[in-house]
Amino acid sequence: MSRRYPARDQVAIVGVGTTAFTRDSGRSELSLVVEAAQNAIRDAGLTQNDIDGLSGDILRNEILQSALGIPETGWSVSCLTAFNIQMTNAMMAVASGVCETVLVYHSMYRTPMLSASAAKDPYRRRAQTFIGTRRPQSHWPDSIAGEASVYAPWARKYFDTYKARPEHLGYIAVNARNNARMNDHAAVRDPLTIDDYLSAPVLWDPLRMLDMEFPVDGADAFVVTTAERARDLPHRPVLIHAAVAGQTDRTAEENLRD
């Protein structure tokens, strides 16, 4: 065991669950997370009684715990950030011994700030103030495309520094679509070529429409526990060899320009 990284290979992913990802599920965010969570717990060969920790993003921990019927937890945390942070939090909780088995969950949900069609849906407008969610309404401009205004300067600097060409970003979009075509749960599975990418409108130079993510409804969940306990569970565990979360001394992304 590394002294610098004592959690190495001591924590394992033992269950995975997901839902379909669609442009409009007709369901609540809570119902999607519950489905993914139940699938993950079942996949791990466990029950809700085995879960003693929760690590999630937007849906509040206590709401999900109640919905799943988890009798008691000794640790829980939620944070509005990339999913790798939620997984890292769970790993550290298990490795430190504050809990043994953590349900890690993440959801995507079409909200008025992300989708014009969602903004016209009275249910989704009301859901923004529902006690079970705290999805921000004003952190970004009023669409996914608006987020490009934050990342476009970084992309432009990369293009200028390394003499990149538009197709270099296009390869990422094409590869992502090819991966989606192999995923039965993906929302968009139509073929995408580099010519399709180059024909897409530029939203914020050098980012194009096909660089943007699609607003979708769906959820993923994982069960994380100790490597020792994982040996008794039905699937071969995936050991977490390393996972870190850090930041620079300037943490406001939209203010970073160099």
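Analyst: Let's start with W204, which has its place in strand 5 (residues 202–204). Keep in mind that this is a predicted model.

User: Okay, why is W204 called partly exposed?

Analyst: W204 has a relative accessible area of 43%. Buried means under 20% and exposed means over 50%, with partly exposed in between. The 43% of W204 falls in between, so W204 is partly exposed.

User: What makes L203, W204 and M209 a patch?

Analyst: To join a nonpolar patch, residues need over 30% relative accessible area and no salt bridge, and their nonpolar side chains must be within 5 Å. L203, W204 and M209 form such a patch on the surface, and together they have about 270 Å² of accessible area.

User: What makes the phi of D9 worth a mention?

Analyst: D9 has a positive phi of about 60°, yet D9 is not a glycine. Most residues other than glycine have a negative phi. D9 belongs to the segment before strand 1 (11–18). With a relative accessible area of 27%, D9 is partly exposed.

User: Where is K163, and why is K163 called exposed?

Analyst: K163 is in the loop between helix 6 (144–162) and helix 7. Its relative accessibility is 63%, and exposed means over 50%, so K163 counts as exposed. K163 also has a positive phi, about 55°, although it is not a glycine.

User: How do you know that the buried residues of helix 7 line one face?

Analyst: The buried residues in helix 7 are E167, L169, G170, A173, V174, R177 and A180. Looking down the axis of helix 7, they fall within an arc of 150°, so they line one face of the helix. Helix 7 (residues 166–181) has 16 residues and reaches 23 Å from its first C-alpha to its last, close to the 22 Å expected.

User: Finally, how many helices and strands does the protein chain have, and what share of it is buried?

Analyst: The secondary structure comes to nine helices and eight strands. Of the 258 residues, 42% count as buried. Among contacts with a separation of 6 or more, 69% come from residues 24 or more positions apart. The chain exposes about 14,100 Å², and carbon and sulfur atoms supply 52% of that.

How values were computed:
Residues are numbered from 1 along each chain as its sequence is written. This is a predicted model: local features need pLDDT of at least 70, side-chain atom pairs count only at pLDDT 80 or more; totals for chains, interfaces and linings use all residues. Side-chain values use heavy atoms; hydrogens and water are left out. Helices (H or I, at least four residues) and strands (E, at least two) are DSSP runs, numbered from the N terminus. The expected span of a helix is 1.5 Å times one less than its number of residues. Buried means under 20% relative accessible area, exposed over 50%, partly exposed in between (1.4 Å probe, protein chains only). The arc is that of the directions from the helix axis to the C-beta atoms. Contact means heavy atoms within 4.5 Å. Accessible areas come from the Shrake-Rupley method with a 1.4 Å probe; for residues, only the protein chains shown count as cover. Patches are made of residues with over 30% relative accessible area and no salt bridge: like charges are joined within 9 Å, nonpolar side chains (Val, Leu, Ile, Met, Phe, Trp, Tyr) within 5 Å. A salt bridge is a side-chain nitrogen of Lys or Arg within 4 Å of a carboxyl oxygen of Asp or Glu.
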